[in-house]
Amino acid sequence: MLIIPIVGKLSKRNPPYVTILLILINCFVFFAFQGDDDERYAKAMQYYQESGLLKIEVASYIRYVEANKSSKVLAREEGESEDDLTGRYFENMWSDDAFRLKLKQGKIITPHDPNYSQWKELRLKYDTLLNDIFLYQYGTIPSDPQILTAFTSMFLHGGFMHLFGNMIFLWLVGCILELSSRRIFYIILYLATGLCADGAYILANPESVEPCIGASGAITGLMGALTVLFGLRKIKVFYSLGFYFNYGQIYAVILLPLWIGNEALQLWFGPPSNVAYMAHIGGLASGAVIGLIKSKILDGVDTALLDEDPKTQIPALMEKALYKKAELDMSGARLLLEEILKIDPDDRLALTHLFSIEKINPAAEKFTRTTARLLTLMIRNGAPVEETIKIYQEYHNIVTEPLLSPDLLLQLCLLFSHAGYPEDTAAVIDYCIHRYPNHPRLTTALLHT
């Protein structure tokens, strides 16, 4: 199950600087420092197998589970080779955190062991190879947590697709939170939930010797805060159930149990995975708590960010208006076009269609008013002069007495003159001389035409 919230309005005057910076930092760390981690890890594992260290440690694991009468003792299956049995034991050993920690601490293969010296030498070389991996240097090791790695792990990823998916969620959720709350709160939220996610993973896996990546935990923390801060506000989401996907609206708070439930199902009932589901749950829960504090005790958030931009309604309204017009329902088309112009008074297409409807009744005041709005908009936006002349001539030819304002007529006069249309210029200026002989701008217009 995948549910992604969709960001509302973004402002060019107030871009999400912090979110952009976080994305750049995550990408820089991955491409600049983690680029060869896979190659280094493969080299370490190749050494682990070829040096004989794998066989030594698996043999010690077999003795360990047999001595403890563990359920992990494996019986050889019919036709199974020694190497295949060793492989199955290796898989069990690799997931046995308690054993691996004791092994690393020197509590399994001790100095009294006959192959201790050989193991110690091989193990030292293997650990050196692992420590050359950036992820092992700066990821959180639950069995040996450090303050530094608690912060650095928030910017690490297990691979390109992991980075790509996290950055999509960071952009979508981060933009909403950053632009709806104070940026300092947003930064604190990212860091605090990242630490809590790390802590939840450490508590759940205290003996693990494998590094934990905290970027996902911090991002799920943002998701948890979003669900509480926007509470009963409906937000747009994209959702996928594997075989089906769609868009819809849902109360923000409902996302919290859905997200936590999905992580819990994957953790307890999903196939074995390297994904730190407990860190995700810790991030979601801590984000929700911090969001609750922000909502109930501090200053909350500006929920207007998720309000739908009215301009998104224009294409659908225009389609309906054109359909009404084609059906000769001019009254219905007029109402829809006027609704568009309430949303965007400068929608030239809507004004043009309204002009073509209003000219059916040229004597009505609406026709002149619509013409004046359209011509003013065309002049202001620098529409092609030919189109402006066409609208003016069409208006002039069908009205008994042009009632456009003198200011607009003189603007048209100057426009036509500068564009090289002397006949149209002369017609407009002649009309103004006879209609508005005392207008203060008439002399200026005459001098410039």
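**Exercise 1. Pro406**

In which helix is Pro406 found? Then work out whether Pro406 is buried or exposed, and list its contacts beyond the local sequence.

*Solution.* The model is a predicted one.
- Step 1: Locate the residue. Pro406 sits in helix H19.
- Step 2: Check its accessibility. The relative value is 19%. The cut-off for buried is under 20%. Pro406 therefore counts as buried.
- Step 3: Look for contacts, leaving aside neighbours within four places in sequence. Pro406 is in contact with Tyr436 and His439.
- Step 4: Take a C-alpha distance. Pro406 and Arg441 are 35 residues apart in sequence and 8.9 Å apart in space.

**Exercise 2. The H18 and H19 pair**

Describe how helix H18 and helix H19 cross, and classify the residues of their contact.

*Solution.* 
- Step 1: Set the limits. H18 covers residues 385-398 and H19 covers residues 406-418.
- Step 2: Read the geometry. Their axes come within 11 Å and cross at roughly 140°.
- Step 3: Name the arrangement. Roughly antiparallel needs an angle over 145 degrees. H18 and H19 are therefore oblique to each other.
- Step 4: List the residues. From H18 come Val385, Thr388, Ile389 and Tyr392, which meet Leu409, Leu412, Leu415 and Phe416 of H19.
- Step 5: Sort them. The contact of H18 with H19 has seven nonpolar residues, one polar and no charged.

**Exercise 3. The H11 and H13 pair**

At what angle do H11 and H13 pack, and which residues of the two helices meet?

*Solution.* 
- Step 1: H11 spans residues 215-229, and H13 spans residues 277-296.
- Step 2: The packing angle is about 40°, with the axes 6 Å apart.
- Step 3: Roughly parallel requires under 35 degrees. H11 and H13 are therefore oblique to each other.
- Step 4: The crossing of H11 and H13 is right-handed.
- Step 5: On the H11 side, the contact residues include Gly217, Gly221, Gly224 and Ala225. On the H13 side, they include Gly283, Gly287, Ala288 and Gly291.
- Step 6: By class, the contact of H11 with H13 has eight nonpolar, ten polar and one charged residues.

**Exercise 4. Ser286**

Is Ser286 buried or exposed, and what does Ser286 touch?

*Solution.* 
- Step 1: Ser286 belongs to helix H13.
- Step 2: Its relative accessibility is 9%, so Ser286 counts as buried.
- Step 3: Residues up to four places away in sequence are not counted. Ser286 then touches Thr193 and Cys196.

**Exercise 5. The nonpolar cores**

Which residues touch the most other members of the largest nonpolar core, and which helix gives the most to this core?

*Solution.* 
- Step 1: The largest nonpolar core holds 67 residues.
- Step 2: Tyr48, Leu170, Leu177, Tyr190, Leu222 and Phe230 touch the most other members.
- Step 3: H11 gives the most to this core, with eight residues.
- Step 4: Take one of the listed residues, Leu222, and leave aside neighbours within four places. Its contacts are Leu170, Val173, Gly174, Leu177, Tyr186, Leu189, Tyr190 and Thr193.
- Step 5: A second, separate core has 38 residues, Ala350, Ile389, Tyr395 and Leu412 among them.
- Step 6: In soluble globular proteins, nonpolar side chains tend to be buried together.

**Exercise 6. The H3 and H5 pair**

Characterise the crossing of H3 and H5, then sort the contact residues by class.

*Solution.* 
- Step 1: The axes of H3 (residues 53-67) and H5 (residues 97-104) come within 12 Å and cross at roughly 120°.
- Step 2: Roughly perpendicular ends at 115 degrees. H3 and H5 are therefore oblique to each other.
- Step 3: H3 passes H5 in a right-handed crossing.
- Step 4: H3 contributes Glu57, Ser60, Tyr61 and Tyr64, while H5 contributes Phe99, Lys102 and Leu103.
- Step 5: The contact of H3 with H5 divides into four nonpolar, one polar and two charged residues.

**Exercise 7. Two leucines**

*Solution.* 
- Step 1: Leu328 is exposed, with a relative accessible area of 66%. Leu336 counts as buried, at 14%.
- Step 2: Leu328 has a positive phi of about 65° although it is not a glycine. Most residues other than glycine have a negative phi.
- Step 3: Beyond four places in sequence, Leu336 is in contact with Leu317, Lys320, Ala321 and Lys324.
- Step 4: Leu336 and Ile25 are 311 residues apart along the chain, and their C-alpha atoms are separated by 48 Å.

Definitions and conventions:
Residues are numbered from 1 along each chain as its sequence is written. This is a predicted model: local features need pLDDT of at least 70, side-chain atom pairs count only at pLDDT 80 or more; totals for chains, interfaces and linings use all residues. Side-chain values use heavy atoms; hydrogens and water are left out. Buried means under 20% relative accessible area, exposed over 50%, partly exposed in between (1.4 Å probe, protein chains only). Contact means heavy atoms within 4.5 Å. Axes are lines fitted to C-alpha atoms, for helices over the stretch in contact, and angles run from 0 to 180 degrees between N-to-C directions. Helices (H or I, at least four residues) and strands (E, at least two) are DSSP runs, numbered from the N terminus. Angles under 35 degrees count as roughly parallel, over 145 as roughly antiparallel, 65 to 115 as roughly perpendicular and the rest as oblique. A crossing is left-handed if the near helix is turned anticlockwise from the far one by less than a right angle, and right-handed if clockwise. Ala, Val, Leu, Ile, Met, Phe, Trp, Tyr, Cys and Pro count as nonpolar, Asp, Glu, Lys and Arg as charged, and the others, Gly among them, as polar. A nonpolar core is a set of buried Ala, Val, Leu, Ile, Met, Phe, Trp, Tyr and Cys residues joined through side-chain atoms within 4.5 Å.
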